Amino acid sequence: MGKIDKWNDRVWNFFASVDLAVALFIIISIGAAIGTVIPQSIEPEPVIKFFSKFMSISSAHKAYEIVSLFDLNNLYHSWWFTFLLFMFALNLIVCSIDRLPSLLKSFKTSPKPYPLEILEKMPIKSTIEINNDKILEKVKEVFKKKGFLIHLFETKDGVQIQARKRSKTRLAVYLTHLSILIILAGALIGIFFGFRGSMNIVEGTGLNFAISDEGKAIPLGFEVRCDKFEVEYYENSGVPKAYRSYLKIIENGQPVKENIVIEVNHPFTYKGITFYQASYGFQPTEHAEFRFTYFDKKGKEHNISAHFEEKFKIPETSVNAFVIDFSPALGVDEAGRLFNMSTDMINPAVLVVFEEKGKQTQQWILSKIPETWETPYGRLRFNELWGAQFTGLQVRQDPGVPLIYIGSILMCVGLFICLFLRPLNYFVIVSKNKITFYSPTSKGMIEKQIDEIIKETKGDKA
Amino acid sequence: MSYQIISIAGLLYIIAMPIYIVYMLTKNKKLGFAATGMIFSGALIHIYGFIQRFKEMYSINHSFMRSIPITNLYESLVFFVLCIVLGYLFIEWKYKNKTFGVFVSIIAGITIGITDLLGITKEVQPLVPALKSNWLLAHVTLSFIAYAAFAISFITALIHIIMGTENKKSFKYIFSTSALGFMFFMFVSVILDVVTSSNPKSVKIFHSTLGNPSIGISLFSWLALFGTIFLFWGLSNRIIKIFENFKITPQFLEDVTYKAIAFGFPIFTIGGLVFGAIWADQAWGRYWGWDPKETWSLITWFVYAFYLHAKFIKGWKGTKTSMIAVIGFLVTMFTYLGVNLFLSGLHSYGSM
């Protein structure tokens with residue numbers, strides 16, 4: 001039994017030690033740093049490409065083998081990194097269980113006088129020669145005025161005063177440690193009971209599942225339809241101002257939520273599942289339609305929709321028209337030729353063919369340039385190409401998030417108490433002709449306070 | 001334009017540096033006032049430039065919370081320097097001690113000078129959708145205040161190591177004197193770079209010295225660099241004597257280092273990590289994603305947590321803890337600049 005106890009003690013002391021905590025700080029930091037350098041990708045190509053910058057291709061392949069052996073390309077989810085985080089949590093728990101009871105006990109037990117040898121070893125010491133009968137009362141008064149809790153002891157060296165203030169703030173360290181555990185617990189709950197995925201929905205269509213990061217389909221239990229997606233640009237520039245999706249939720253064939261607008265930084269939550277605007281892209285589909293507004297001679301507006309190469313009639317005329325070309329970002333190069341700058345809808349334009357009595361003319365109409373709307377057959381504004389873009393949504397359900405928020409708040413509170421409201425401890429020995437101040441912590445602030453206290457006691461004397 | 005105003009502030013910081021040095025050598029009080037006045041007026045002009053830029057941003061974004069001009073590398077460097085200078089002026093006033101002014105003016109001068117040399121854009125840019133959030137103000141401002149606090153702890157820790165180490169051949173001593181020597185050389189080099197640059201767009205850092213096309217000048221610069229470092233290594237005990245004249249004790253330096261970290265650490269935790277996580281949660285749908293910026297922030301946090309545990313639980317004292325503070329700031333600088341320059345990630349608006 002004795003041997004087992006000894007081993008138990010050893011294991012316990014190992015996990016309770018600050019040395020382990022410090023070692024874990026360093027190892028986790030180095031591990032995490034490696035992960036920011038080596039590409040984090042399950043596919044081998046990016047990793048090999050990265051190493052081939054420094055070495056030959058064959059060595060790069062060997063390097064990849066080592067990398068994948070230790071999961072360095074999926075480092076933050078690897079068994080060893082998870083193990084380190086687990087050790088970190090265990091260290092925090094054992095450390096706290098090891099130290100907290102004795103701290104709590106020290107609040108309850110009545111203080112005892114400290115032997116002079118221990119006081120003499122304290123880093124802060126200052127002595128003043130003074131000869132006054134009432135000095136003891138005065139020192140006590142000064143401490144009390146500053147909000148200290150005082151204990152007095154008669155010792156052979158004189159009267160020992162122990163003055164304490166804010167001693168309970170020593171508990172804040174444990175609050176900070178607890179907050180880290182709460183955050184880790186929140187993260188675990190998120191991993192086991194939540195999911196992350198993405199969905200690309202083309203304008204005018206809907207999806208009832210998301211694709212997880214591993215490529216699996218996750219059914220949502222309802223359908224998300226994208227009515228429209230748009231990118232708003234700053235005036236006269238290609239810098240995007242906002243990405244916006246207009247969504248609708250359909251459950252059991254019935255629309256239950258309509259007119260939902262999501263943007264970056266403005267997500268939307270339904271039944272615990274949150275949708276974030278993440279990306280977008282150009283994807284022409286069969287149902288895509290060109291939308292125009294025609295202004296007739298009386299100034300009346302007619303809305304027109306037409307598919308690619310589908311003929312439409314210009315209202316109140318005998319003219320037929322159809323679209324034969326489209327450019328999401330029409331530009332003009334130095335030689336005056338038209339070209340497409342991007343697949344983003346920065347400057348959408350259509351090439352429209354007009355047909356009147358067998359005679360054909362064609363014209364580019366740019367949605368952002370009103371001069372191009374004027375045609376020989378009236379003013380025709382090109383509004384948009386609808387159904388040719390998809391919105392990329394990030395989908396998430398994470399029941400651990402409330403814990404993360406609670407943990408974060410507790411951590412901030414704990415740290416502020418820890419570092420801004422440190423406990424103050426003074427020991428004073430008042431003997432016949434001198435008083436000596438001691439303090440166990442070597443802080444400039446405390447030294448200054450001793451000076452202040454000394455000044456006040458002296459001031460009282462004068 | 002706001003950046004021209006800020007350049008004037010940078011010039012004043014640079015001029016303050018030699019005045020601080022002469023003040024320290026002569027102990028002439030008038031020079032001390034002149035040096036402080038120089039930095040102080042630099043700070044005032046700097047604040048004025050910052051407000052001007054705020055207005056320029058506001059005229060584009062029309063939102064107070066989203067117009068804080070810390071949205072690209074140039075603006076962040078400018079704000080970082082402002083925080084350091086204001087922090088230093090507070091310390092100078094509180095402790096009635098002007099001795100750190102030399103180092104602060106070196107760091108401020110280098111940083112403002114660098115903004116001229118890296119070819120980074122100084123124009124006011126409209127916000128990309130990812131930055132359009134009310135968390136921008138809190139997250140970025142607090143992060144940089146914490147960085148500035150760490151910078152001040154770096155300065156005091158560096159002097160502390162030089163003062164508190166007797167063995168000139170120890171790693172700590174060689175490391176910190178070389179760091180000082182390199183900073184001094186860089187300060188001079190950046191000034192030369194700015195002065196000799198004909199076309200601001202094509203200028204590169206160290207182009208007038210180490211990277212000069214003329215092999216002679218380049219070689220001479222390298223020799224000068226090693227000479228400076230050797231000089232700092234050899235003469236640091238004399239420099240220490242100067243500090244002792246100003247009643248700077250190792251105890252005092254250790255204390256200021258601790259206070260700067262004790263101030264910066266909670267600010268960094270709340271502003272950098274917690275607010276950053278909340279913002280990431282709202283913008284990207286995850287509070288933590290091991291993005292390089294996030295990861296390096298965590299590493300920074302670990303280093304300073306190490307500092308606090310070493311000091312309070314393990315009872316480390318003296319230059320050992322200051323060494324952690326120095327490493328902490330180097331890691332902080334990598335988190336701030338290195339991640340954007342060398343690694344790719346989601347905080348790319350901080351890149352050039």
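This section describes helix packing, nonpolar cores, aromatic pairs and selected residues in a predicted model. Local features need pLDDT of at least 70, side-chain atom pairs count only at pLDDT 80 or more, and totals for chains, interfaces and linings use all residues. Side-chain values use heavy atoms, with hydrogens and water left out.

Two helices of chain B pack against each other. They are H3 (residues 73-95) and H10 (residues 319-342). Helices here are DSSP runs of H or I of at least four residues, strands are E runs of at least two, and both are numbered from the N terminus. The axes of H3(B) and H10(B) lie 12 Å apart, at an angle of about 150 degrees. Axes are lines fitted to C-alpha atoms, for helices over the stretch in contact, and angles run from 0 to 180 degrees between N-to-C directions. H3(B) and H10(B) are therefore roughly antiparallel (angles over 145 degrees). H3(B) contributes Leu73(B), Ser76(B), Leu77(B) and Phe80(B) to the contact, and H10(B) contributes Phe329(B), Met333(B), Tyr336(B) and Leu337(B). Contact means heavy atoms within 4.5 Å. The residues of this contact comprise 7 nonpolar, 1 polar and no charged. Ala, Val, Leu, Ile, Met, Phe, Trp, Tyr, Cys and Pro count as nonpolar, Asp, Glu, Lys and Arg as charged, and the others, Gly among them, as polar.

The largest nonpolar core has 152 residues. Such a core is a set of buried Ala, Val, Leu, Ile, Met, Phe, Trp, Tyr and Cys residues joined through side-chain atoms within 4.5 Å. Phe80(B) and Val85(B) touch the most other members. Helix H5 (residues 135-164) of chain B gives the most to this core, with 17 residues. Another core, of 24 residues, lies apart from it and includes Met199(A), Phe222(A), Val231(A) and Tyr270(A). With residues up to four places away in sequence not counted, Phe80(B) touches Phe144(B), Tyr147(B), Ala148(B), Ala151(B), Phe329(B), Met333(B) and Tyr336(B). Phe80(B) also belongs to an aromatic cluster, whose members include Phe50(B), Phe79(B), Phe144(B) and Tyr336(B).

Over all chains, 55 aromatic pairs are found. Rings of Phe, Tyr and Trp (its six-membered ring) pair if their centres lie within 6.5 Å; planes under 30 degrees apart count as stacked, over 60 as edge-to-face and the rest as tilted. Phe50(A) and Phe54(A) form an edge-to-face pair, 5.3 Å centre to centre, with 75 degrees between the planes. Phe50(A) is buried at 13% relative accessibility, whereas Phe54(A) is exposed at 58%. Buried means under 20% relative accessible area, exposed over 50%, and partly exposed in between (1.4 Å probe, protein chains only). The pair of Phe90(B) and Trp93(B) is tilted, because the planes stand at 45 degrees; the ring centres are 5.9 Å apart. These two residues are 3 apart in helix H3 of chain B, so about one helical turn separates them. Phe90(B) is partly exposed at 48%, and Trp93(B) is exposed at 57%.

Gly181(B) sits in helix H6 (residues 171-196) of chain B. Its relative accessibility is 0%, so Gly181(B) counts as buried. Thr228(B), Ile229(B) and Phe232(B) touch Gly181(B), not counting residues up to four places away in sequence.

In chain A, Tyr377(A) lies in the loop between strands E19 (374-375) and E20 (378-386). Tyr377(A) is buried, at 14% relative accessibility. Beyond four places away in sequence, Tyr377(A) touches residues including Tyr294(A), Ile314(A) and Phe354(A).

Key: Residues are numbered from 1 along each chain as its sequence is written. Chains are lettered from A and ligands numbered from 1 in the order in which they are written. Angles under 35 degrees count as roughly parallel, over 145 as roughly antiparallel, 65 to 115 as roughly perpendicular and the rest as oblique.
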